[in-house]
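Work through the exercises below with the sequence and the structure open side by side. Each task is followed by a solution in steps.

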Amino acid sequence: MHQSPTSPTPLRHPHASARRSEESATPTTLAGRRGRTPRSQSCRGHRNEVLLAGRVTAEPAVRELPSGDHLVIWRISVTRPIAEQRPKQPADTITCVSFDPSMQQAARDWRIGDVIEVTGALRRRFWRSSHGSSSVFEVEAKTATRINLAAEAETASDAPTAAQSEASGGHQPS
């Protein structure tokens with residue numbers, strides 16, 4: 001049947017028939033049908049990498065979460081460059097965490113004042129408490145290496161060599 005140019009033409013979304021069948025589809029099939037690329041490909045250009053080196057300011061502690069997971073948590077203080085220091089704030093204290101059981105073992109040897117190098121990613125963790133929902137930003141550590149013991153850090157003026165770093169109890173999970 002031919003419609004005249006003055007009669008309205010019904011508008012249809014080009015994917016309208018696919019949309020009806022998606023209503024009963026699972027979320028994993030929806031991504032493919034809508035033309036989305038898999039998560040590993042869609043993040044090209046995005047980066048979340050952290051590299052820190054600083055003094056341990058709190059003894060590492062292992063916490064058991066309500067989920068049953070174990071989390072090792074520690075804090076390091078990273079001194080700001082002189083040009084970036086603010087009055088009364090010469091350093092930043094950063095919380096680091098790891099769910100890796102072998103990292104928990106390595107952290108047991110760290111003491112307050114040890115200098116640690118950490119690589120990982122910035123994460124925001126959420127939880128519920130009696131006061132409502134809360135969240136915190138932390139560095140989720142992939143690797144952590146002690147580069148100076150507390151006593152050595154006080155007297156060392158030069159950066160440690162790679163051999164010294166390896167010999168001082170570094171941890172690099174496989």
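In these exercises a residue is called buried when its relative accessible area is under 20%, exposed when over 50%, and partly exposed in between. The model is a predicted one.

**Exercise 1.** Classify Glu138 as buried or exposed, then find its salt-bridge partner.

Solution. 
- Step 1. The relative accessibility of Glu138 is 4%. The cut-off for buried is under 20%, so Glu138 counts as buried.
- Step 2. The side chain of Glu138 meets that of Arg125 in a salt bridge, at 2.7 Å from N to O.
- Step 3. Because Glu138 belongs to strand S5 and Arg125 to strand S4, this pair ties together parts 13 residues apart in sequence.

**Exercise 2.** Where in the chain do the partners of the Glu59 and Arg111 salt bridge lie?

Solution. 
- Step 1. The two side chains, Glu59 and Arg111, meet at 3.5 Å, N to O.
- Step 2. Glu59 sits in strand S1, while Arg111 sits in the loop between H4 and S4, 52 residues apart, which links distant parts of the chain.
- Step 3. Glu59 is partly exposed at 38%, and Arg111 is partly exposed at 43%.
- Step 4. The whole structure has six salt bridges.

**Exercise 3.** Describe how strand S2 is placed, from its pairing to its burial.

Solution. 
- Step 1. S2 runs antiparallel to strand S1 (residues 50-64), joined by seven bridges; Arg55 has Ser77 of S2 as its bridge partner.
- Step 2. S2 is also antiparallel to strand S3 (residues 91-98), through eight bridges; Arg75 has Thr95 of S3 as its partner.
- Step 3. Seven of the ten residues of S2 (residues 70-79) are buried, so the strand is largely enclosed by the rest of the structure.

**Exercise 4.** Which residues have the most contacts inside the largest nonpolar core?

Solution. 
- Step 1. This core has 16 residues, and those with the most contacts inside it are Leu52, Trp74, Ile76, Cys96, Val118 and Ala144.
- Step 2. The largest share, four residues, comes from S2.
- Step 3. Beyond its neighbours within four places in sequence, Leu52 contacts residues including Ile76, Cys96 and Val118.

Terms used: Residues are numbered from 1 along each chain as its sequence is written. This is a predicted model: local features need pLDDT of at least 70, side-chain atom pairs count only at pLDDT 80 or more; totals for chains, interfaces and linings use all residues. Side-chain values use heavy atoms; hydrogens and water are left out. Buried means under 20% relative accessible area, exposed over 50%, partly exposed in between (1.4 Å probe, protein chains only). Helices (H or I, at least four residues) and strands (E, at least two) are DSSP runs, numbered from the N terminus. Two strands pair if DSSP finds at least two bridges between them. A nonpolar core is a set of buried Ala, Val, Leu, Ile, Met, Phe, Trp, Tyr and Cys residues joined through side-chain atoms within 4.5 Å. Contact means heavy atoms within 4.5 Å. A salt bridge is a side-chain nitrogen of Lys or Arg within 4 Å of a carboxyl oxygen of Asp or Glu.
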